[in-house]
Amino acid sequence: AIPLGDIIQMKEKSARYVAYFDMLGMKHAVIRDVKEAWGALSDLAAAKSKIYKYGIEVCSTKQIIGDRVRTFIFSDMIIIFTKSDEPEDLYSIVILSAQLFADSLHLCVPLRGGIAHGDFFFNLDLGLFLGVPLVKAYDIGEQAQWFGIVVDPYVSRMSEALPLRTDGIPVIIDW
């Protein structure tokens, strides 16, 4: 057995935001036409790569936010997580998740997902991911039963503390 410390890279503060996305219809697409399914998966990977090219400007402060998230694809699932749980991390995961959703939809790749907060552990070398927010993000995304992104109550509450956009609209809109 490998000692726990060798498996999990832990930081002093492991609380972070985690998003989980699932590509809808992949099982049926694979059965119907593997090449078409591979094309959709390739489009999803392209949309994922594209979010690293965006810079986020907080209009109220003119602050530019970058390099706050990591993303990983496994099969038809994407995991996005932040470096920590600072306000910049919340901006990053919400905006970049929304951009991933929009870019994927533009490529005709429907996604459903959730964003949650909590202690999240990972080992990038071994491809290991573990934590309550990953489970929560998966659960709330699956419960939605529609294309979109759902956030947990903590994420919603924390977004209320962020400055409004210049047009007066909050960062996250309650439905």
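This note goes through a predicted model point by point, from the overall layout to helices, charged pairs and aromatic rings.

1. Overall layout. The protein has six helices and eight strands. Read from the N terminus, these elements follow the order α-β-α-α-β-β-β-β-α-β-β-α-β-α. Of the 175 residues in the protein, 42% are buried.

2. Contacts and surface. Take the contacts between residues at least 6 apart in sequence: 69% of them join residues at least 24 apart.

3. Length of helix H5. Helix H5 covers residues 132–144, which is 13 residues.

4. The buried residues in H5 are Pro 133, Leu 134, Ala 137, Ile 140, Gly 141 and Ala 144. They lie on the same side of H5, because the arc they cover around the axis is only 140°. The general rule behind such a pattern is that an α-helix has 3.6 residues a turn, so residues three or four places apart point the same way. The face turned away from the buried side of H5 carries Val 132, Val 135 and Gln 143, which are exposed.

5. Just after H5 comes Gln 145, which takes a positive phi of about 60°.

6. Helix H6. This helix runs over residues 153–160, and in it Val 155, Ser 156 and Ser 159 are buried. Down the axis of H6 these buried residues fall within an arc of 100°, so they line one face of the helix. Pro 153 and Glu 160 are exposed on the other side of H6. Packing against the buried residues of H6 are E1, H4, E6 and E8.

7. Salt bridge between Lys 50 and Asp 103. The structure holds four salt bridges. In general, side chains of opposite charge can pair when their charged atoms come close. Lys 50 and Asp 103 form one of the salt bridges, with 3.9 Å between the closest N and O atoms. The pair links distant parts of the chain, since Lys 50 is in helix H3 (residues 34–50) and Asp 103 is in helix H4 (residues 87–106), 53 residues apart. Lys 50 has a relative accessibility of 38% and so counts as partly exposed. Asp 103 has a relative accessible area of 10% and is buried.

8. Salt bridge between Asp 89 and Arg 68. Here the closest N and O atoms are 2.8 Å apart. Asp 89 belongs to helix H4 and Arg 68 to the loop between strand E3 (63–65) and strand E4 (69–74), so this pair ties together parts 21 residues apart in sequence. Asp 89 is buried, and its relative accessible area is 0%.

9. Salt bridge between Glu 142 and Arg 112. The closest N and O atoms of this pair are 3.6 Å apart. Glu 142 in helix H5 and Arg 112 in strand E6 are 30 residues apart, and the pair links these distant parts of the chain. Arg 112 counts as buried, at 11% relative accessibility.

10. Aromatic rings. The whole structure contains eight aromatic pairs. Phe 72 and Phe 129 make a tilted pair, with 5.1 Å centre to centre and 50° between the planes. Phe 72 is in strand E4 and Phe 129 in strand E7, so the pair ties together parts 57 residues apart in sequence. Buried or partly exposed: what is Phe 72? At 22% relative accessibility, Phe 72 counts as partly exposed. Phe 129 is also partly exposed, with a relative accessible area of 23%. Ring pairs join Phe 72, Phe 81, Phe 120, Phe 122 and Phe 129 into a cluster.

11. Ile 56. This residue is part of strand E2 (residues 56–58). With a relative accessible area of 6%, Ile 56 is buried. Ile 56 and Glu 88 are 32 residues apart in sequence, and their C-alpha atoms are 9.4 Å apart in space.

Conventions:
Residues numbered from 1 in each chain as written. Predicted model: local features only at pLDDT ≥ 70, side-chain atom pairs only at ≥ 80, totals over all residues. Heavy atoms only, no water. Helix = DSSP H or I, 4+ residues; strand = E, 2+ residues; numbered from the N terminus. Buried < 20%, exposed > 50% of the residue type's maximum accessible area, 1.4 Å probe, protein only. Expected span 1.5 Å × (residues − 1). Arc of directions from axis to C-beta. Salt bridge = Lys/Arg side-chain N within 4 Å of Asp/Glu carboxyl O. Phe/Tyr/Trp six-rings, centres within 6.5 Å; stacked < 30°, edge-to-face > 60°. Contact = heavy atoms within 4.5 Å.
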